[in-house]
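Subject: Structure handover

Hello,

Here is the structure for you to look through. Please open it and keep it beside this message as you read.

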Amino acid sequence: MIETTDKLIHVGMIGLGLRGTSLLKDALDGHNNIKITVLCDISRDRLDIAKEEIALRNEPEPYVCTDYHEVLSHNDVDVVIIATGWETHVQIACEAMLSGKIVGCEVSGAYSVEDCWKLVHTYEKTHTPIMMLENCCYGRDELMLLNMVNQGVFGELVHCQGGYRHDIRSLCVDDCGLDHFRIKHFSARNCDYYPTHDLGPIAKLLGIGKGNRLLSLVSVASKAVGLNSYAIRNKGTDDAKSNVRIAQGDVITTTIKCSGGETIVLFLDTTLPRFYSRGLQVQGTLGMYCEDNLSVYIDNEENAKLDTNWSSQWGNVEQYRKDYDHPLWRSFSEKKEKGGHDGMDRIMLNVFFDAIRTGSHMPIDVYDMADWKCVTVLSEQSILQGGAPCLFPDFRNGRWVMD
Ligand SMILES: NC(=O)c1ccc[n+]([C@@H]2O[C@H](COP(=O)([O-])OP(=O)(O)OC[C@H]3O[C@@H](n4cnc5c(N)ncnc54)[C@H](O)[C@@H]3O)[C@@H](O)[C@H]2O)c1
């Protein structure tokens with residue numbers, strides 16, 4: 001733990017690709033009383049770009065390296081932020097916890113259930129704080145909904161829906177080489193490979209880990225034709241991307257059952273033409289929220305009386321800000337702050353550094369991380385077995401009943 005609340009926090013960044021550089025900027029610009037002391041990437045070009053960001057802000061020049069072990073043994077690092085490719089997260093995060101460096105780790109799905117247990121066991125052995133940097137938990141609507149749910153506005157929750165519905169065909173075909181982690185994944189696996197942006201906020205709304213838990217899931221995959229089709233049209237039939245074998249279905253639909261009786265439906269939908277949406281829906285006994293038409297529908301309110309003409313109420317979500325906007329967002333907007341992904345990245349980092357300073361429990365802890373990442377492996381197993389139910393391990397070993 002950082003000993004005093006005003007101590008400068010020394011940060012080492014591992015992985016400075018697109019995301020790492022964006023987090024670096026938000027960390028530097030977020031008034032968090034931090035200093036970036038070490039930068040690490042296997043690519044010298046990426047290190048140069050990151051160094052430039054630091055120089056632009058007249059911050060002291062950091063130590064740079066290409067081997068993350070140097071970050072973990074560096075005396076001038078309290079905290080590491082990991083934004084490498086998916087396949088390295090668990091290994092680096094566990095080694096960091098063992099070296100006593102507090103961890104902020106980017107999002108990804110797991111490669112095995114054992115990896116999820118490895119995170120949990122390493123945390124339980126070391127008690128080094130670790131937070132998964134799931135920024136979507138800090139979206140304005142997601143936090144407002146948390147407020148509304150806690151105040152009982154939607155009544156008893158029954159069903160939630162969400163998705164990672166983001167057309168990343170151009171990113172995969174135009175910007176990633178054949179050895180990039182995304183392409184390697186797409187050609188080898190078929191699963192909900194990116195479940196945390198949608199499941200994270202829903203798990204917080206449903207109190208997963210606090211009297212509720214994820215019990216089981218079933219997943220089904222569509223065929224896998226979107227990426228090759230896009231590559232053929234944009235690169236020609238001879239291009240390597242047009243011929244790479246894709247195993248990853250274009251649309252994966254997963255249904256999760258919770259111990260509290262609620263159901264969750266998740267959509268992974270990233271290789272067909274579509275608009276961006278996390279498609280969040282929340283339904284309880286008293287009302288509903290729907291992201292795709294930015295609306296809230298509450299029994300007995302004016303909008304419910306107009307139910308025959310319900311579409312006239314679409315887009316009414318702003319009416320609820322006055323009463324339910326989350327304090328984090330209220331203060332962020334009042335200060336006219338900015339930041340990545342409309343501000344949620346900056347808010348997430350503020351929360352992370354605040355938890356470090358105050359020594360409070362990480363708001364997205366190792367058990368959340370294991371639960372959410374595990375969906376990737378369980379969905380893969382379910383799809384392989386034609387949509388068979390797969391059980392979630394109880395990573396909290398029963399403590400979810402009491403917490
Ligand atoms: N939360 C979000 O909104 C969000 C957005 C984009 C990406 N991400 C996540 O961030 C992570 C990185 O994604 P990206 O788009 O920046 O990918 P990227 O390929 O652009 O960057 C990954 C970087 O990690 C470096 N790297 C790989 N192995 C390394 C190692 N062993 N040591 C040091 N550096 C290493 C690579 O050289 C590269 O620069 C992924 O987990 C991705 O899912 C999250």
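Below is what was found, topic by topic.

**Before you start**

This is a predicted model: local features need pLDDT of at least 70, side-chain atom pairs count only at pLDDT 80 or more, and totals for chains, interfaces and linings use all residues. Residues are numbered from 1 along each chain as its sequence is written.

Helices (H or I, at least four residues) and strands (E, at least two) are DSSP runs, numbered from the N terminus.

**Domains**

The domain assignment gives domain 1 (9-135) and domain 2 (137-326 + 366-401). Such bounds come from an automatic or database domain assignment. The C-alpha centres of domain 1 and domain 2 are 26 Å apart.

How many residues of domain 1 are in contact with domain 2? There are 17, and they touch 24 residues of domain 2. Here, contact means that the C-beta atoms of two residues, placed from the backbone, lie within 7 Å. On the domain 1 side, helix 5 (113-126) and strand 6 (130-132) each give two or more residues. Helix 5 has the largest share, 5 residues. By class, that side has 10 nonpolar, 5 polar and 2 charged residues. Ala, Val, Leu, Ile, Met, Phe, Trp, Tyr, Cys and Pro count as nonpolar; Asp, Glu, Lys and Arg count as charged; the others, Gly among them, count as polar.

**The sheet**

Strands of a sheet pair through backbone hydrogen bonds, either parallel or antiparallel. In this model, 8 strands form an open sheet with mixed pairing, in the order 13-12-11-7-10-9-8-14. Two strands pair if DSSP finds at least two bridges between them. Strand 13 (295-298) and strand 14 (390-391) are the edge strands, and each pairs on one side only.

Now take some of the pairs:

- Strand 7 and strand 10 are parallel, with 7 bridges. R165 stands opposite D269 in strand 10.
- Strand 9 (residues 251-258) and strand 10 are antiparallel, also with 7 bridges. I256 stands opposite I264 in strand 10. These two strands form a hairpin with 4 residues between them, and G261 in the turn has a positive phi of about 100 degrees.
- Strand 11 (residues 281-284) and strand 12 (residues 287-290) are antiparallel, joined by 3 bridges. V282 stands opposite Y289 in strand 12.

Helix 9 (residues 196-205) lies across strand 7 (157-165), strand 10 (263-269) and strand 11. Helix 9 runs at about 160 degrees to strand 7. Axes are lines fitted to C-alpha atoms, for helices over the stretch in contact, and angles run from 0 to 180 degrees between N-to-C directions.

**Two helices that cross**

Two packed helices are described by the angle between their axes and the distance between the axes. The axes of helix 1 (residues 18-29) and helix 15 (residues 344-358) come within 9 Å and cross at roughly 65 degrees. Helix 1 contributes S22, L23, D26 and A27 to the contact, and helix 15 contributes D345, R346 and L349. These residues divide into 3 nonpolar, 1 polar and 3 charged.

**Buried and exposed**

A residue is buried if 20 or more other C-beta atoms lie within 10 Å of its own, exposed if 12 or fewer, and partly exposed in between; C-beta atoms are placed from the backbone.

Why is helix 4 (residues 89-98) largely enclosed by the rest of the structure? Because 7 of its 10 residues are buried. Those residues are H89, V90, I92, A93, C94, A96 and M97. They pack against strand 1 (9-14), helix 3 (68-72), strand 4 (79-82), strand 5 (102-105), helix 5 and strand 6. Just after helix 4, G100 takes a positive phi of about 80 degrees.

E302 is in helix 12 (residues 302-305). E302 is exposed, with 10 other C-beta atoms within 10 Å.

**Positive phi**

Most residues other than glycine have a negative phi. H31 is not a glycine, yet has a positive phi of about 50 degrees. H31 sits in the loop between helix 1 and strand 2 (34-40). H31 counts as exposed, with 11 C-beta neighbours inside 10 Å. N397 is not a glycine either, and has a positive phi of about 50 degrees. N397 lies in the segment after strand 14. N397 is exposed, with 10 other C-beta atoms within 10 Å.

Best wishes
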